[in-house]
Amino acid sequence: MAKVPGLLKGLGVTLGTMVETITKGANTVQYPHEKETPPIRSRGVIALHEGNCTSCMLCARSCPDWCIYIEGHKELAPPRRAGGKPRQVNKLDRFDIDYALCMYCGICVEVCPFDALFWSPEYEYSEPRIADLLHDKAKLGEWMETVPEAPELEAGAEKKSKK
Amino acid sequence: MLGLIADVSYWTQSLLRVFGGIVAILLPAGTIVYVFLFKMMSFMQSRLGPMEAGPFGSLQLFAEVGKWLQKEDLYPERADRFIFKMAPLIVLSSTFLLVAVVPFGPDAWFTNFEAGVFYALAVSSVSVLGILIAGWASANKYSLLGGLRAAGQLIAYELPMVLAVVGVVIQAGTMNLQQIVVAQNTGSIFGWAGLGNPYILTQCVGFVIFMIAVQAELTQAPFDMPIAESELVSGYMTEYSGFRFLIFFIGEFATAGVFAFIASVLFLGGWGVPFSWFGWTSIDSIDNWMNVVGPLIMFTKMMLLVFVIMWVRFSYPRFREDQLQRFAWKSLIPLSLVNIMATSVLKVAF
């Protein structure tokens, strides 16, 4: 009998929630019809800024799932100053991320020394065919448009370069 | 029903009764599932529940039934095929047998016989057999455990239910459900007949015990150890799929509706309104329109009681097996025995 007040209180909680849901609306949203904005720094999809990539392979080697495929070749570029030697640059032929394997750990984004990879909050890219989850260089480049501006840094923090 | 169609041929009567029985089973079951299981539970968890199928998801149930009908009828390899198939039907037939004695109006009933209460309590325990053989025939140790738990639980809670009803029977002086309705609606509270005398007032202890026992008989939380999905992966229902699972599902919610019907007959005055309102004196003087309004009153009372059952179900966590047994044998049964004694003493005194 000592438990009765607690039991009644429990019933009150569920009834209160029901009344609240009917009068003020639910805490959930009806997903395809209305969407919530993802919180800042959401890990939706990884975007590639091709111009910054030097095909150094650090991201591919640090990926726990081995879901990044990089192929490149060396090319000679014209010298920066007149009379100099031609520069050797790495040309990116292929940069694929297999989102069927990716576990969104973000190590590749962290490890990239040249800021070529960015997190984008876009999450609606499911495919009927699993093979279509392999995003190639061009598609990863398109995601770049959805990358938000980095949030304000704390006062006194060292500023990193943007995309 | 019989009272209305007494002069048509036997097979028409039987057909009408079968049709009426199916309506009296499926309509409450469908309404309960949509209103309470889909919507009320969602609201209590601050979400909207199904919203896509039909307006406010009202056709979701048809989508679910369609899904179940499409599923393959699976058997475990070592299952005892014949009784494996029989089990859901036994459970559902218990529900159909139960609804047969419920009166829905002065002439709207399926059968009307003297030992109605006795019959209802007897056939309600047929479902135990179905559940037990479902658990055994599945050849699955979790199902067997679930079936055994169900048997232990249903037998333990059958007793307080019977004993709680005895109080009503003593007070009404009859076991006929129709007579119990009449007794409540012609009764008076200290000489004032404006409300009749619904037995929930005098038998409030019996009502609480009855509703707790109903909760346990229906294996609704907090008494859902037999189907505890986190321990026994749905117990005796584990191996069932498709149509047979659907029958268990219908049986569960139809039985909830039928028990609520019986509870409203026993404690809330059933289909009747207090006879003094319209100057009726006995069951024969009741106007014919009560045969239409009566079922609606019953339906309203049923929804009210099922609301309470489901409210409790969605609010409380599960008992432990030993707590469940202790609660039945050490609290409910002594309490209902005291209730019977008090009722009989008062019955003789007044």
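This report walks through a predicted model, from the outline of chain A to a helix pair in chain B.

**Chain A as a whole**

Chain A holds four helices and five strands. Along the sequence they follow the pattern α-β-α-β-β-α-β-β-α. The radius of gyration of chain A is 24 Å, while the globule rule gives 15 Å for 163 residues, so chain A is more spread out than a compact globule. The box filled by its C-alpha atoms, taken along the principal axes, is roughly 95 × 45 × 30 Å. Buried residues make up 16% of the 163 in chain A. Take the contacts in chain A between residues at least 6 apart in sequence: 72% of them join residues at least 24 apart.

**The sheet in chain A**

Three strands of chain A form an open sheet in the order β2-β3-β5, with antiparallel pairing. Strands β2 (68–77) and β5 (134–135) of chain A are at the edges. Each has a single partner strand, so one side of each is left without a neighbour in the sheet. Strand β3 of chain A covers residues 87–98 and pairs with β5(A) in the antiparallel sense, over two bridges. One residue pair can be named here: A:Ile97 has A:His135 in β5(A) as its bridge partner.

**Where the chains meet**

The contact between chain A and chain B draws 12 residues from chain A and 11 residues from chain B. What classes of residue does chain A bring to the side that touches chain B? That side has five nonpolar and seven polar residues, and no charged ones.

**A helix pair in chain B**

Helices α3 and α4 of chain B pack with their axes 9 Å apart. The angle between them is about 175 degrees. An angle over 145 degrees counts as roughly antiparallel, and α3(B) and α4(B) are therefore roughly antiparallel to each other. The table sets out the residues that make the contact.

| Helix | Residues | Contact residues |
|---|---|---|
| α3(B) | residues 81–99 | B:Ser94, B:Leu97, B:Leu98 |
| α4(B) | residues 116–124 | B:Ala120, B:Val123, B:Ser124 |

By class, the residues in the contact of α3(B) with α4(B) are four nonpolar and two polar, with no charged residue.

**In brief**

Chain A is more spread out than a compact globule, and it carries an open sheet of three strands. Chain A also touches chain B through a side without charged residues. In chain B, α3(B) and α4(B) lie roughly antiparallel, and their contact has no charged residues.

Terms used:
Residues numbered from 1 in each chain as written. Chains lettered and ligands numbered in written order. Predicted model: local features only at pLDDT ≥ 70, side-chain atom pairs only at ≥ 80, totals over all residues. Rg over C-alpha atoms; globule rule 2.2 N^0.38 Å. Buried ≥ 20, exposed ≤ 12 C-beta atoms within 10 Å, placed from the backbone. Contact = placed C-beta atoms within 7 Å. Nonpolar A, V, L, I, M, F, W, Y, C, P; charged D, E, K, R; others polar. Axes fitted to C-alpha atoms, helices over the stretch in contact; angles between N-to-C directions. Parallel < 35°, antiparallel > 145°, perpendicular 65-115°, else oblique. Pairing = 2+ DSSP bridges.
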